[in-house]
Amino acid sequence: MNKSELKPAVVFEQFAKINQIPRPSKREEKMIEYLKHFGESLGLETQVDEVGNVIIRKPATSGYEDCKTVILQSHMDMVCDCLPDVKIDFDRDPITAYVDGEWMRAKGTTLGADDGIGCAMEMAILESDDIEHGPIECVFTRDEETGLTGAMGMKSGFMTGDFLINLDSEDEGEIFVSCAGGRTTTARFDIVRNDAPADCFFIKGSVQGLVGGHSGDDINKKRANGLKIIARFVYQEMERYDDVHLVQLHGGSLHNAIPRGGYFVLAVPNAIKENIRADWNVFSAEVDEEFHVTDSNMAWGMCSSDPEPIIADEVARRFVYAIQAVDNGVYSVCQDEELGGMTETSSNLARIETNADTIDIVTSQRSNVMSNLDNMCNTVAAVFKLAGAKVTHSEGYPAWKMRAHSELQSIVKDTYRKLFQKDPVVRGIHAGLECGLFAERYPNLDMVSFGPTLRDVHTPDERLLIPTVQMVWDHLLLTLKSMPHQS
């Protein structure tokens, strides 16, 4: 398959155009302007609200004027990440996509199909003159990935439709009717640095090449967390030798991504430096074996490092103990049979930055049950508070509870059966969708979420399964034709 064979062509043409436009989270100004010009150039009612969300309204086609209004919604921003050897300025440079068999990927960067492919579907419908549908509102929200800024800032009345189809899901054939709420818990250790003892050797250890992934959708896949791995080794050596001193511990990037690596710097007496190297060799082999299924390409490194002040031992040990102890991964699964044992509650150790006078830690918690979200946040906070850190929680975002007797859900399931002669899977997702916030402001809005198959989003391994785009497109168009009339 090559790019000229991509179907539906109208969707992939829009996606190619979108990927020429820089749209990092929180810096979507160029995309906002592009969407505004796009809607206005088609002669369609176009609005940009005060936080940067864009809505483009398209009237019904002939014969569908009295159908209920459907909102199609995607987020315009993308997670920007790249391989260490790739040079790219995400504020200026386009994304370079290519076809690899049945998959579309990007050259060393995130692809931006999360959620550029949803935006592309909306834009293809807006530009079409041969698709039958009732009144449509196409909504493009900003900064979904790092703060849900657009959905949080959207005021009631911006959208006026009866139904909402969110196009930000990642498994074709699955209809999502519930999502997790989430919150970020951060911890800060105030530190003092001292001169290293005489006769110290500075040694740096690193692990890279982990699979990582989305801290919601991939948290149940038992993948390695780079920060937990390096903290394990540092804890082990501090327990084994009294005179191991911490200098640095770094890793991770985004709050919603599982860390793909990390590194530490230790100051150790020259007399035991070879012991540290030997321990590292044993440790790395053991961890390779632990994660030989999920993370088979770990890259381990150890080398000398330049001398620098050490972190005072008492706070260094409290910090390392806390990282060793803090929960990471799945905490509980859903009890509702309808949701099939889906992950309910989890926590992700996302980022650690060691600075001159502080150590800053970012973790993220998710749950489809808000009381258990509170419990998970408190569990993480308690570990850091016991270690002497200052802890804060973000405001977070709410869960989206499954709606009983959903008219839209029935329509979407019926159209899927007609097209593919099988039932779709109806489930919840252990990730934040903007639907949770929409449900707060629009309590009567009937919503579902679906989309084509994506894998390893938020990483340079992000890829889009091309045949599923056509399947979702066909499903979406038949659903639009099947909207009920206004009562």
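Which residues of the largest nonpolar core touch the most other members? In this predicted model, they are Met104 and Phe140, in a core of 60 residues. The points below begin with that core and then turn to the helix, the pockets and the cavities.

**Nonpolar cores**

- Beyond its neighbours within four places in sequence, Met104 is in contact with Leu6, Phe12, Phe15, Ala97, Tyr98, Val99, Leu111, Glu462, Arg463, Leu464 and Ile466.
- Another core lies apart from the largest one and has 50 residues, among them Val234, Ile323, Leu349 and Phe384.
- In soluble globular proteins, nonpolar side chains tend to be buried together.

**Helix H1**

- In helix H1, which spans residues 9-18, the buried residues are Val11, Phe12, Gln14, Phe15 and Ile18.
- These residues lie on the same side of H1, because the arc they cover around the axis is only 160 degrees.
- The cover over the buried residues of H1 includes helix H2 (29-41), strand S5 (103-106), helix H3 (113-127), strand S25 (463-465) and helix H11 (466-481).
- Phe12 and Phe15, two of the buried residues of H1, are also among the contacts of Met104.

**Largest pocket**

- The volume of the largest pocket is about 400 Å³.
- Its lining comprises 28 residues, of which Glu144, Glu145, Leu148, His255 and Tyr397 are the closest to the centre.
- Strand S9 (181-190) and strand S20 (358-367) are the elements that give two or more residues to this lining.
- By residue class, the lining of the largest pocket holds six nonpolar, 13 polar and nine charged residues.

**Second largest pocket**

- The second largest pocket has a volume of about 350 Å³.
- Among the 18 residues that line the second largest pocket, Asp81, Gln208, Ser253, Arg260 and Gly261 are the closest to its centre.
- The elements that give two or more residues to this lining are strand S13 (245-252) and strand S14 (257-258).
- Seven nonpolar, nine polar and two charged residues make up the lining of the second largest pocket.

**Cavities**

- Three cavities of 30 Å³ or more are present in the structure.
- The largest cavity has a volume of about 50 Å³.
- The largest cavity is lined by Glu170, His214, Asp217, Asp218, Lys221, Leu454, Arg455, Asp456 and Val457.
- This lining divides into two nonpolar residues, one polar residue and six charged residues.

How values were computed. Residues numbered from 1 in each chain as written. Predicted model: local features only at pLDDT ≥ 70, side-chain atom pairs only at ≥ 80, totals over all residues. Heavy atoms only, no water. 1 Å grid on protein atoms, 1.4 Å probe; cavity = no way out; pocket = protein on both sides within 12 Å on 5 of 7 lines; lining within 4 Å. Points joined across faces, edges and corners; volume = space filled by probe spheres on them. Helix = DSSP H or I, 4+ residues; strand = E, 2+ residues; numbered from the N terminus. Nonpolar A, V, L, I, M, F, W, Y, C, P; charged D, E, K, R; others polar. Buried < 20%, exposed > 50% of the residue type's maximum accessible area, 1.4 Å probe, protein only. Arc of directions from axis to C-beta. Contact = heavy atoms within 4.5 Å. Core = buried A, V, L, I, M, F, W, Y, C linked by side-chain atoms within 4.5 Å.
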